[in-house]
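Please find below a short note for a colleague who has not looked at this structure before. The points can be read in order, with the model open alongside.

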Amino acid sequence: QVQLKESGGGSVQAGDSMRLSCVASGLSFNNYGMGWFRQAPGKEREFVAQISWSGRSNSADSVKGRFTISRDNDNSTAYLQMDSLKPEDTAVYYCAAELWLIVPEKEVSYWGQGTQVTVSS
């Protein structure tokens, strides 16, 4: 059974950095695209960033230049490095996995439970 386990969330000040981790199990990690989505209170879940099985990545305009997604295939782990955090980045962040790559407009097969990120001004 596939499990995605996020960690690294918490509370920080605006301008700080934080790194989220997502450890995957129960799937052939090398064949999966990994991604991050987030959901703020009262808003719909939105795409943040994804990295394909081959290492190609892209991110939402709102986080470009501040967030970096990466993956460690040896440890079946995806990361989201978040720099220059803003209060509007406050949300529950979800790890996601889909065979080969994640297309934000399409359904994603696997989701983590989410981790809260709170940025105060």
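The numbered points below concern a predicted model and go through its core, disulfide, salt bridges and aromatic contacts.

1. Core. The largest nonpolar core has 33 residues. Met34, Trp36, Leu80, Met82 and Tyr93 are the residues with the most contacts inside this core. Two or more residues come from each of strand S3 (18-25), strand S4 (32-39), strand S5 (46-51), strand S7 (67-72), strand S8 (77-82), strand S9 (91-99) and strand S11 (115-120). Of the elements, S9 gives the most, with five residues.

2. Surroundings of Met82. Which residues does Met82 touch, once its neighbours within four places in sequence are left aside? The contacts of Met82 are Asp16, Ser17, Met18, Leu20, Arg66, Phe67, Tyr93 and Val117. One of these, Tyr93, is also named with Met82 among the residues with the most contacts inside the core. Another, Arg66, comes up again under the salt bridges, where its side chain meets that of Asp89.

3. Disulfide. The whole structure contains one disulfide. Cys22 and Cys95 form this bond, with an S to S distance of 2.0 Å. Cys22 is in strand S3 and Cys95 in strand S9, so the bond links distant parts of the chain, 73 residues apart. Is the disulfide left-handed or right-handed? The torsion about the S-S bond is about -80 degrees, so the disulfide is left-handed. Cys22 has a relative accessible area of 0% and is buried; Cys95 is also at 0% and counts as buried.

4. Salt bridges around Asp89. A search of the whole structure finds four salt bridges. As a general point, side chains of opposite charge can pair when their charged atoms come close. Arg38 and Asp89 are both buried.

5. Arg66 is buried, as is Asp89. Through shared partners, salt bridges join Arg38, Glu46, Arg66 and Asp89 into one network.

6. Asp61 and Lys64 form a salt bridge in which the closest N and O atoms are 3.3 Å apart. Lys64, with a relative accessible area of 48%, is partly exposed.

7. Aromatic pairs. There are four aromatic pairs in the whole structure. One of them joins Tyr32 and Tyr110; this pair is tilted, with 6.2 Å centre to centre and 50 degrees between the planes. Tyr32 lies in strand S4 and Tyr110 in strand S10 (residues 110-111), so the pair ties together parts that are 78 residues apart in sequence. Tyr32 is buried at a relative accessible area of 13%, while Tyr110, at 29%, counts as partly exposed. A further pair, Trp53 and Trp100, is edge-to-face, with 5.5 Å centre to centre and 75 degrees between the planes. Trp53 is in the loop between S5 and S6 and Trp100 in the loop between S9 and S10, 47 residues apart. Both are partly exposed, Trp53 with a relative accessible area of 44% and Trp100 with 39%.

8. Phe37, Phe47 and Trp111 form one aromatic cluster. Where does Arg45 lie relative to Trp111? Arg45 lies over the face of Trp111, 3.8 Å from the ring centre. The charged end of Arg45 also sits over the ring of Tyr94, at 5.0 Å from its centre.

Definitions and conventions:
Residues numbered from 1 in each chain as written. Predicted model: local features only at pLDDT ≥ 70, side-chain atom pairs only at ≥ 80, totals over all residues. Heavy atoms only, no water. Core = buried A, V, L, I, M, F, W, Y, C linked by side-chain atoms within 4.5 Å. Buried < 20%, exposed > 50% of the residue type's maximum accessible area, 1.4 Å probe, protein only. Helix = DSSP H or I, 4+ residues; strand = E, 2+ residues; numbered from the N terminus. Contact = heavy atoms within 4.5 Å. Disulfide = S-S within 2.5 Å. Phe/Tyr/Trp six-rings, centres within 6.5 Å; stacked < 30°, edge-to-face > 60°. Lys NZ or Arg CZ within 6 Å of the ring centre and 35° of its normal.
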